[in-house]
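Trainee: I would like to go through this model with you, one question at a time.
Mentor: Go ahead, and keep the structure open.

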Amino acid sequence: MPAKRVLTGKGDAFLYMPDKVAKNQQAVEKIRVVIACSTGALSGVVGLTGLNGFLAFFLANLLGSLYLKYVILGGSTEKYFVPDYALLSIGSLFSGLITYVVLWTIAFDAVHVF
C-alpha cells in the first residue's frame, strides 16, 4: 500500500502508511476495551451506582488517553496517527461504554446481590 503525504496545521508534512495507521488505531481500540473491562469490574465490586459509576468510566478513559498520549507516545501523536484521528474518539468511547456497563452490572450483581 503506498504511503500518503499529509500536511499538518504546523506546516509539516508526514508520510503515512495507511495499514500501519489502521493497526495503531486498532491497538488504541484494544486498550480502550481493556480499560472498560477493568473499570467496569472494579466499579461493580466497589459498589459504585448511578452517576458515580459513569463518572468512573469517563475518568478512567481520560486518564488512559492522557497516559497513552504523554507517556507511551511521548506527547507526539503525529508520528503514529493521521492528525484528524483523536485519541478521545467518540465512537470508541461509546462502544467501550457498553462493555463497561455489562461488566459493571455483572460484578455488582455477583458481589452485592447474590
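Trainee: In which strand does Leu15 lie?
Mentor: Bear in mind that this is a predicted model. Leu15 belongs to the strand that covers residues 13-16. That strand is E2.

Trainee: Is Leu15 buried or exposed?
Mentor: The cut-off for exposed is over 50% relative accessible area. Leu15 has 56% relative accessibility, so this residue counts as exposed.

Trainee: What distance separates the C-alpha atoms of Leu15 and Lys79?
Mentor: Along the chain, Leu15 and Lys79 are 64 residues apart.

Trainee: How far does helix H2 reach from its first C-alpha to its last?
Mentor: Helix H2 runs over residues 51-72, which is 22 residues. At 1.5 Å a residue, 32 Å is expected. The reach in the model is close to that, at 30 Å.

Trainee: What arc around the axis do the buried residues of H2 cover?
Mentor: The buried residues of H2 are Gly53, Ala56, Phe57, Asn61, Gly64, Ser65 and Leu68. They sit on the same side of H2, because the arc they cover is only 160 degrees.

Trainee: Why can residues three or four places apart point the same way?
Mentor: The reason lies in the geometry of an α-helix, so count the residues in a turn. That number is 3.6.

Trainee: Which exposed residues does the face of H2 turned away from the buried side carry?
Mentor: Look at the face of H2 that is turned away from its buried side. The exposed residues there are Leu51, Leu55, Leu63, Tyr70 and Val71.

Trainee: How many aromatic pairs are there?
Mentor: Two rings pair if their centres lie within 6.5 Å. By this rule, the count of aromatic pairs is 4.

Trainee: What kind of pair do Phe54 and Trp104 make?
Mentor: The ring centres of Phe54 and Trp104 are 5.3 Å apart. Phe54 is in helix H2 and Trp104 in helix H3, 50 residues apart. The ring planes stand at 90 degrees, so the pair is edge-to-face.

Trainee: Is Trp104 buried or exposed?
Mentor: Buried means under 20% relative accessible area. Phe54 is partly exposed at 31%. Trp104 has 10% relative accessibility, so Trp104 counts as buried.

Trainee: Which residues form the aromatic cluster?
Mentor: Phe57, buried at 2% relative accessible area, is in the cluster.

Definitions and conventions: Residues are numbered from 1 along each chain as its sequence is written. This is a predicted model: local features need pLDDT of at least 70, side-chain atom pairs count only at pLDDT 80 or more; totals for chains, interfaces and linings use all residues. Side-chain values use heavy atoms; hydrogens and water are left out. Helices (H or I, at least four residues) and strands (E, at least two) are DSSP runs, numbered from the N terminus. The expected span of a helix is 1.5 Å times one less than its number of residues. Buried means under 20% relative accessible area, exposed over 50%, partly exposed in between (1.4 Å probe, protein chains only). The arc is that of the directions from the helix axis to the C-beta atoms. Rings of Phe, Tyr and Trp (its six-membered ring) pair if their centres lie within 6.5 Å; planes under 30 degrees apart count as stacked, over 60 as edge-to-face and the rest as tilted.
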